[in-house]
Amino acid sequence: MKTWNALMKKEWIEQVRTGKLMILSAIFVLFGIMNPAIAKLTPWLLKMMADSLAESGMIITDISVSALDSWVQFFKNMPIALIVFVLVEGGIFTREYQSGTLVLTLTKGLDRKMVVFTKAAILFLLWSAGYWLCFGITYGYNMYFWDNAAASHLLFSVIGWWLFGVWVIALMVLFSSVATANTGVFLGAGGGALAAYLMTIFPKLKTYSPAMLTEANALIYGKEEPAEYMTAIAVAAMTGILCIAGSLILIKKKKL
Amino acid sequence: MEMLRIENLYKRFGDKEVLRGLNLSVPEHSIFGFVGKNGAGKTTTMKTVLGLLNVDAGNIFVNEMPVTYGQTETNRYVGYLPDVPEFYPFMTAPEYLAFCGEITGMKKAEIKKRTEELLALVGLEGESHRIKGFSRGMKQRLGIAQALFNRPKLLICDEPTSALDPVGRKEILDVLLAARAETTVLFSTHILSDVEKICTDVAFLDQGKVRVQGTLSEVKSVYRRESYLLETESPEEARGLSEAFPVLQYDGGCRLQFDETACDVSAVLRVLADRKISVVKLERQEPTLESLFMEVVER
Ligand SMILES: Nc1ncnc2c1ncn2[C@@H]1O[C@H](COP(=O)(O)OP(=O)(O)OP(=O)(O)O)[C@@H](O)[C@H]1O
Ligand SMILES: [Mg+2]
């Protein structure tokens, strides 16, 4: 327990002092505000452009926006936030392999598994805090401007997308115990996410793909039901656990 | 008791055989100098002891427990200072030392005491800047402090003095000397004067094997080959002597050199007396570690 606390404290200090926490907070807050702002400004922007659009033959009728448009923005922007997250945190293990700092920590005789646990935990906490902060801000503005009830299965949808982020973190952890540089982690986690996305193109495979969790728009418009997502959730949970377990085994014999 | 025992260690990188049947035995509470040329395999040997490198064959025991590659229990007994130590640059020296204590479960009060003690020992007390700005010498000092922090039974230092100025080197050697009371020190170096200053034991590594090992005096006595230097007043006298004793090495001037085994000293002295040669100097030369090392390596 003392080891856990010490390693968590070290990871936290690193996040704060190297500015990573700042970058991530800024991104998630920015998106949180942008989602409703874009929805709110859309009619006004279109009105501004109405004249020029009319000349080209497009007629703008009165458009009304709702909380739904804001949530559509939320799910559209979240992949960008996740990519930023992976880019900022992708080196959390490999940085220590390359600089040799982990050698000193590990030659004190502590269990290598602890390193995987704490780094996975800090990634999980950062992603969760950022994601739910972003969600909270968007939710608040939406509530103020419109009515969040317009989106059906909202809670399920956001939990689903959050889970996808957690799944990507599991991939990061796995590839961090294989790779020697952060490019390996980017390729591994990015490749995994891409493969999951490609699966969703084929209707037969789609229900098994963790990437299905990112298609929350179909849920909030009520086109699909949560039940259809259960297989994807199960697959994401299983493969995520396998990734962490694999990482715990691989780190034991990892060459430093 | 042996704190570290290495049996028949083999290690190759690709087709390069670095260690070829290395045997080493480090007695408890010794200061063990591990000497070898650049690229002899000192760092490689130390890394295998820490489980950082996979060995091709052989066994390693620390405190009578076998070392395994990767995760290894034996690291709990070991403090390690790598050749180029790297720390978390965003921490200060006291923070880093506290971290070292915390991960191994030391008590808060003990950590505080030990931090102050060690920072003073390595001359980093009052250093409140982040490690990011540390010089190589400062990192080396912090490196020793972190290696000693958990009171290891075996302290492994990879060339601890090579980055330091003469004053810093002396200080670090003193630290190692002081550490002996609590621990066993194995340090690699190619600075033989350092070995002569503080080591109780020494091993010479060459061509993947430990060629010579033992206590400093043992090694010196085994290799003791008394050699004499004789200097006469005039070159003529020296030449005359070299003609009488062809085994003497004559430098063409006034100096002659000879080995005890090659030539009887008393016979030389008799001739000196008979011919009334005026001697400037007759000196028995102690073998230095340096000359021993050269001899071992060149054989
Ligand atoms: N990871 C590696 N891959 C390939 N060759 C290596 C590797 N590590 C070491 N070597 C080779 O092994 C040999 C021994 O290296 P090592 O670092 O152990 O020497 P050393 O005795 O510590 O030398 P120095 O005094 O320069 O520190 C060298 O020839 C080196 O090229
Ligand atoms: Mg070396």
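This is a predicted model: local features need pLDDT of at least 70, side-chain atom pairs count only at pLDDT 80 or more; totals for chains, interfaces and linings use all residues.
How many bridges join strand β1 of chain B to strand β2 of chain B, and do the two run parallel or antiparallel?

Strand β1 of chain B covers residues 2-13, and strand β2 of chain B covers residues 16-27. Nine bridges join them, and the strands run antiparallel. As a point of reference within this pairing, Glu2(B) stands opposite Pro27(B) of β2(B). The two strands form a hairpin with two residues between them, and in that hairpin Gly14(B) adopts a positive phi near 60°.

Let me turn to ligand 1. It is surrounded by 13 residues, and the closest of these are Lys16(B), Gly39(B), Lys42(B), Thr43(B) and Thr44(B).

Several oxygen contacts deserve mention. A backbone N or O atom of Gly39(B) lies 2.8 Å from an oxygen atom of ligand 1. For Gly41(B), a backbone N or O atom lies 2.9 Å from an oxygen atom of the ligand. Glu159(B) contributes through its side chain, where a polar atom lies 2.9 Å from an oxygen atom of ligand 1. Taken alone, ligand 1 exposes 640 Å², and the protein buries 63% of that.

My last topic is aromatic pairing. Over all chains, the count comes to 28 aromatic pairs. One of them joins Trp71(A) and Phe74(A) in an edge-to-face arrangement, with 5.3 Å centre to centre and 75° between the planes. Both residues lie in helix α3 of chain A, residues 67-89, three residues apart, which is about one turn of the helix. Are these two side chains buried or exposed? Trp71(A) counts as buried because its relative accessibility is 0%, and Phe74(A) counts as buried because its relative accessibility is also 0%.

Trp71(A) has a further partner, Tyr139(A); this pair is tilted, with 6.3 Å centre to centre and 55° between the planes. Here the pair links distant parts of the chain, since Trp71(A) sits in helix α3 of chain A and Tyr139(A) in helix α6 of chain A, residues 112-145, the two being 68 residues apart. Tyr139(A) has 32% relative accessibility and therefore counts as partly exposed.

Methods: Residues are numbered from 1 along each chain as its sequence is written. Chains are lettered from A and ligands numbered from 1 in the order in which they are written. Side-chain values use heavy atoms; hydrogens and water are left out. Two strands pair if DSSP finds at least two bridges between them. Helices (H or I, at least four residues) and strands (E, at least two) are DSSP runs, numbered from the N terminus. A residue is near a molecule or strand if one of its heavy atoms lies within 4 Å of it. A polar contact is a pair of N or O atoms within 3.5 Å; within protein, one must be able to donate a hydrogen and the other to accept it, and residues adjacent in sequence count only if both atoms are side-chain atoms. Accessible areas come from the Shrake-Rupley method with a 1.4 Å probe; for residues, only the protein chains shown count as cover. Rings of Phe, Tyr and Trp (its six-membered ring) pair if their centres lie within 6.5 Å; planes under 30 degrees apart count as stacked, over 60 as edge-to-face and the rest as tilted. Buried means under 20% relative accessible area, exposed over 50%, partly exposed in between (1.4 Å probe, protein chains only).
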